[in-house]
Amino acid sequence: MTKVYVGMSGGVDSSLTAALLKEQGYDVTGVYMKNWTQDLPGMKCPWADDLADAKRVAVQLGIDFKVYDFENEYKHKVVEYMIDEYKLGRTPNPDIMCNQEVKFKLFLEAALEDGADMIATGHYARVKDGVLLQAVDTNKDQTYFLYRVTGKALAKTLFPLGEYTKPTVRKMAEERGLFTAAKKDSQGICFVGKVGIREFLSQYVQQIPGEIIDKKSGKILGMHDGAIFYTLGQRHGLDIGGGLPYYVVGKDMAKNEVYVTTDLNDATLWKDDIRLASVHWINQAPQLGIYQIRIRHRAPLVSAALTYDGENVVLKLNDEQRAIASGQSVVIYDGEICLGGGIIV
Amino acid sequence: MGVELIYLDHAAATPLDERVFLAMQPYFTEQFYNPSSPYAPALQVRRDYDAAKHTIARAIGAKPDELVMTAGATESINLAFASIGGHVVTANIEHHAVLAAAREYDHTIVASDEHGRVQTSVIMAAVRPDTRLISIALANNELGTVQPLRDIASAVREERQKRLAAGNTTPIYLHSDASQGVGQLDVHVSRLGVDLLTVNAGKIYGPKQTAFLWAASGVMLKPQIVGGGQERGLRSGTENVASVVGFAKAIELAETHRKYESERLHKLRNLLQGQLVAALPSAVVSGHAKHRLAGHLHISFPGIDAERLVFALEARGVLVATGSACAANKGTRSHVLTAIGLSDSVADGSLRLTLGHLSTPENTARAGEIIIEEMQRERQRIGL
């Protein structure tokens, strides 16, 4: 019997994942990955409840259950990475890092070590022979977060939910009477929780006031409390009020200045070419040609011509795209195949 | 799901007694007045509040003026420690509320024996000339072990005599949290021999967040919550009239039925213990065989993950605790079980079953059957 270790978060998706694999005849073990969470007075950390829910479902299914403690690794590889990237003025994606470094590396390695043949998670994606495919539910597809996983890891991975839509998953969980069937989906970055990224970051970086400058006129419009907190294309939270809304069109981390405009057509906000560094391909690098790309999770796929410039990838878009911030990931598809991607320079 | 619930966690919380609920109700609605207001209807509320405190005081053989009403046993404990301070002595099986409060001061934490009982000689050996407070719960919340409080109290009196003779003017007081024993044990202060006593209403079918700290006359308390000067300035804040009235009713009922109820629970508990041990001979029962709360059964199944058992039982309607509720939620091993020397594999297989008003011979026996079934199923699953 194939031994599968299922990452169980205590949510409905991973609960059903474990249930389906058990029904399909796998020898299933549930694993709760304890990642880093802040433990501050006044902040409720939900992990104990999530762990209990995951375990409840494991008991319900009559499967083994383990806890892997990745707290330290998670802190170094995901949390510190995210803070460092923000400090450099970029907008990183911790979920992508979590998949690359924790779920499809540490978890996979630990599971294999413990005797597993494969791992599984509740991601909405599909794998065929180590090739990553978009989920059947295109609205829920999570391949954007999985583009930095290796083909080798994927060859040992099962994503049973990739064949179903989210409403079907809820229904199937209900039909099986899973304890977590009606549980609300988690929101936002797990370790940041409900406080929001701004409050989270302000514990790690000093808030230094700087100027908010109108890009066109050069006029100082007001003050901000740190350029680090602003992202290209951002509209809210500028606190300069009155008249048309302002958008962030750039920032100078060294000078701690944020540049804004009311002009939605500002050239900085719109780009038709993207340069990617830290390029990762799930299997082999694709040939030059026209592919489909996604610049953020759930953004529509758009066509782009792919060329190489040394280690980097250059994408030429048919239509201009708004708010392409450095540090963000662009994921490249060939039809339903997720090829990989890179990070916007 | 239509499963009949069998509640076996009375040490964690108890349902409000209907009679308590009825007594409380008017004070939420028509009798809502602030007891400090000057008009007649408020004056009536003041009288009712004072009468309730009178009832509570009578139940423990004290004067109403010696009680400070608080929002729970944890607050009472904090008030006791903050008032007395100095070097404090307590035991390693005490509730987190006591241990955390003790750590705020110069403290010595003594070890209990393997039954969770704290020996008087061990406590007194930790007492220094500058020790001001000893705090020992009447009964342990996890094991149900009852402490030799009267014995400790007389040793404290001897210590006082010694200090007097030696010209040491440092006072020494004995505080006890009796929240876990009230309703099953005598909590009369002069018979217990304590100087400070904490009791809450939440474990005797009264409202939660409702407790008192009793301090013998002559024990000076230092207010931790200041404001309008309620409770003789020792605990400010508008009186929680409904809850205190509920507490009075609850403690009155508890004392009236104490003998009958503790005998009833004692029989039920012994039946349940016998049923489980007969079917599962490897089970380990912890706590003192004789000095144990009537409704308490702490039982461990070595090699079993008790938390799995709790979830399996929950799915069948049987609600039980693993070790202590607080420790279980934090995912850490119970400090009490470590303190009495249980090995990890025994400690991790521990259930705390506590009987009470909701327990009947039928549902207790049924719960026993379900526990045995789920235990055997789990054993089979892991091939034990």
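Me: How should I read the surroundings of A:Arg275, and does A:Arg275 count as buried, exposed or partly exposed?

Reply: The idea is to count neighbours: a residue with 20 or more other C-beta atoms within 10 Å of its own is buried, one with 12 or fewer is exposed, and one in between is partly exposed. A:Arg275 has 16 C-beta neighbours inside 10 Å, and therefore counts as partly exposed. Please keep in mind throughout that this is a predicted model.

Me: Where in the chain does A:Arg275 lie, and which residues is it in contact with, leaving aside its neighbours within four places in sequence?

Reply: A:Arg275 belongs to strand 12 of chain A, which covers residues 270-281. Once the neighbours within four places in sequence are set aside, its contacts are A:Asn312, A:Val314 and A:Val345. The C-alpha atom of A:Arg275 is also separated by 8.9 Å from that of A:Asp309, although the two residues are 34 residues apart along the chain.

Me: Which strands are joined to strand 12 of chain A, and how do they run?

Reply: The general idea for a strand is that, when it is regular, its side chains alternate between the two faces of the sheet. In this case strand 12 of chain A is joined by 6 bridges to strand 15 of chain A (residues 312-322), and the two run antiparallel; in that pairing A:Leu276 stands opposite A:Val313. Strand 17 of chain A (residues 337-344) is joined to strand 12 by 4 bridges, again in an antiparallel arrangement, and here A:Trp281 stands opposite A:Gly340.

Me: Into which domains is chain A divided, and how many residues of domain 1 are in contact with domain 3?

Reply: Chain A is divided into domain 1 (3-195), domain 2 (206-261) and domain 3 (267-344). The centres of domain 1 and domain 3 of chain A, taken over C-alpha atoms, are separated by 26 Å, and 21 residues of domain 1 are in contact with 16 residues of domain 3. On the side of domain 1 that touches domain 3, strand 6 (131-134) and helix 5 (151-154) of chain A each supply at least two residues, and the largest share, 4 residues, comes from strand 6. By class, that side of domain 1 has 11 nonpolar, 7 polar and 3 charged residues.

Me: What is the radius of gyration of chain A, and how does it stand against that of a compact globule?

Reply: For 345 residues a compact globule would have a radius of gyration near 20 Å, and chain A has 22 Å, which agrees. The C-alpha atoms of the chain fill a box of roughly 70 × 55 × 35 Å, taken along the principal axes, and buried residues make up 42% of the 345 residues. Of the contacts in chain A with a separation of 6 or more, 66% come from residues 24 or more positions apart. The chain as a whole has 7 helices and 17 strands.

Note on methods. Residues numbered from 1 in each chain as written. Chains lettered and ligands numbered in written order. Predicted model: local features only at pLDDT ≥ 70, side-chain atom pairs only at ≥ 80, totals over all residues. Contact = placed C-beta atoms within 7 Å. Pairing = 2+ DSSP bridges. Domains from an automatic or database assignment. Nonpolar A, V, L, I, M, F, W, Y, C, P; charged D, E, K, R; others polar. Rg over C-alpha atoms; globule rule 2.2 N^0.38 Å.
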